[in-house]
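Here is a short tour of the salt bridges in one protein model. Please have a look at the structure before reading on.

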Amino acid sequence: MIEEIGTVVEIHEGWALVRTERSSACAGCASMGLCHITEGGDECTVEADNPDHAVIGQKVRVAVPTSGFLKGTFFLYLFPLIGLFSGMVAGLWFAGQYASGREDLFAAAGALLGLLFFFALQRLFNKRFERNKEFRPRIVEVLSTGFEMN
């Protein structure tokens with residue numbers, strides 16, 4: 001599990017907003033759509049399921065399952081590359097069939113179109129990831145009981 005420690009800043013029905021320090025693990029996280037970076041860039045707030053009913057000001061441990069993290073990393077980084085290379089191959093094939101001698105142009109155009117198509121698919125699937133419990137951050141432990149808000 002990927003874990004971070006943070007402070008609960010808001011409570012909602014079934015979930016809480018937790019302020020954490022931004023780490024390098026944030027870059028590939030499938031739940032990054034649920035995070036909001038503050039102006040300074042060093043902190044972020046995370047929408048996390050709150051089964052332990054943590055309250056505002058409590059220090060909590062927030063976790064995302066490793067499998068969700070790895071799937072999110074694939075989806076964020078490798079999925080667009082698949083689109084890029086698929087589009088390039090399709091462009092080369094098209095140029096070979098219909099526009100011999102212009103392979104480079106068609107490969108570049110195909111790569112761009114493939115990348116844009118896979119970005120659009122990624123955007124559609126992003127909402128699905130946000131609703132899936134496997135990818136949602138979860139408060140797994142309440143570390144303090146007092147009001148310790150910064």
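Which residues are linked in a network of salt bridges? They are Glu3, Arg61 and Glu141. A salt bridge here is a side-chain nitrogen of Lys or Arg within 4 Å of a carboxyl oxygen of Asp or Glu, and the structure holds four of them.

Before the details, a word on the source: this is a predicted model, in which local features need pLDDT of at least 70, side-chain atom pairs count only at pLDDT 80 or more, and totals for chains, interfaces and linings use all residues. Residues are numbered from 1 along each chain as its sequence is written, and side-chain values use heavy atoms, with hydrogens and water left out.

Among the salt bridges are these:

| Pair | Closest N and O atoms |
|---|---|
| Arg61 and Glu3 | 3.7 Å |
| Arg61 and Glu141 | 3.0 Å |
| Arg136 and Asp49 | 3.0 Å |

Let us start with Arg61, in strand S5 (residues 59-64), whose partner Glu3 sits in strand S1 (residues 2-12), 58 residues apart. Strands are DSSP runs of E with at least two residues, helices runs of H or I with at least four, numbered from the N terminus. Arg61 also pairs with Glu141; Glu141 belongs to strand S6, so this pair ties together parts 80 residues apart in sequence.

How accessible are these residues? Buried means under 20% relative accessible area, exposed over 50%, and partly exposed in between (1.4 Å probe, protein chains only). Arg61 counts as partly exposed at 21%, as do Glu3 at 39% and Glu141 at 34%.

Turning to the pair of Arg136 and Asp49, Arg136 is buried at 13% and Asp49 is buried at 8%.
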